[in-house]
Amino acid sequence: SCSEKKKHDDIIAPKAEKPKLQAPVRMQDYNQATDIKWLGKDYQVVVSRTPDDSLRMVKDETGQKYVDNRISLRVIRADGSVFFNRSFTKAAFESLLNDDYRKTGVLEGLVFDRVEGNNLFFAASVGHPQTDEYIPMVVTVSNLGDVGIKLDNQLDTYGENLESDDNE
């Protein structure tokens with residue numbers, strides 16, 4: 001006999017599995033030494049980043065934990081004496097961060113940028129771990145040892161002042 005199978009409009013999808021959480025994720029240690037000439041004298045700028053278990057861990061939206069970083073910045077004179085030595089954590093940048101980055105961001109990096117007059121300029125960033133999302137900042141160190149921190153509003157783009165040839 002001919003009987004029709006009942007048709008169902010039900011859609012059966014496999015249950016979404018929660019991602020398996022790993023042990024807290026740590027960024028790699030990073031060390032960079034750069035020789036510079038500043039105010040007519042030779043210096044070496046040394047930047048070191050290390051994950052620091054004593055800092056509050058951050059979590060992403062899946063619950064994965066990340067270890068935040070501590071970055072030390074030293075400026076050493078040619079004779080080996082230390083002109084500047086300071087350790088930075090995300091707390092140094094908190095006044096420039098929104099609540100999201102305060103809670104879920106880590107201090108990713110600090111790199112030497114340039115010498116300009118009496119100041120050394122560094123690029124710094126606090127970002128969401130394992131993404132390309134970050135807040136760029138500028139850290140300055142003066143020849144008196146004063147530190148300035150501000151948002152980096154200068155985009156690294158070229159040609160913004162170029163006019164199109166279509167306007168002829």
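This is a predicted model: local features need pLDDT of at least 70, side-chain atom pairs count only at pLDDT 80 or more; totals for chains, interfaces and linings use all residues.
The protein has an average pLDDT of 88, and 80% of the residues score at least 70. Over residues 158-168, by contrast, pLDDT stays under 50, and for this segment the model shows zero contacts beyond four places in sequence.

Five aromatic pairs are present in the structure. One of them joins Trp38 and Phe83 in an edge-to-face arrangement, with 5.6 Å from centre to centre and an angle of 75° between the planes. Because Trp38 belongs to strand E1 (residues 30-38) and Phe83 to strand E6 (residues 82-88), this pair ties together parts that are 45 residues apart in sequence. Trp38 has a relative accessibility of 2% and therefore counts as buried, the limit being under 20%. Ring pairs also bring in Tyr43, so that Trp38, Tyr43 and Phe83 are linked into a cluster. A ring is involved in another way at Phe121, over which the charged end of Arg114 sits, 4.0 Å from the ring centre.

Asn69 lies in strand E5, which spans residues 69-77, and is buried, its relative accessible area being 0%. A polar atom of the Asn69 side chain is found 2.8 Å from the backbone oxygen of Leu107.

How values were computed
Residues are numbered from 1 along each chain as its sequence is written. Side-chain values use heavy atoms; hydrogens and water are left out. pLDDT is the predictor's confidence in each residue, from 0 to 100. Contact means heavy atoms within 4.5 Å. Rings of Phe, Tyr and Trp (its six-membered ring) pair if their centres lie within 6.5 Å; planes under 30 degrees apart count as stacked, over 60 as edge-to-face and the rest as tilted. Helices (H or I, at least four residues) and strands (E, at least two) are DSSP runs, numbered from the N terminus. Buried means under 20% relative accessible area, exposed over 50%, partly exposed in between (1.4 Å probe, protein chains only). A charge sits over a ring if NZ of Lys or CZ of Arg is within 6 Å of the ring centre and within 35 degrees of the ring normal. A polar contact is a pair of N or O atoms within 3.5 Å; within protein, one must be able to donate a hydrogen and the other to accept it, and residues adjacent in sequence count only if both atoms are side-chain atoms.
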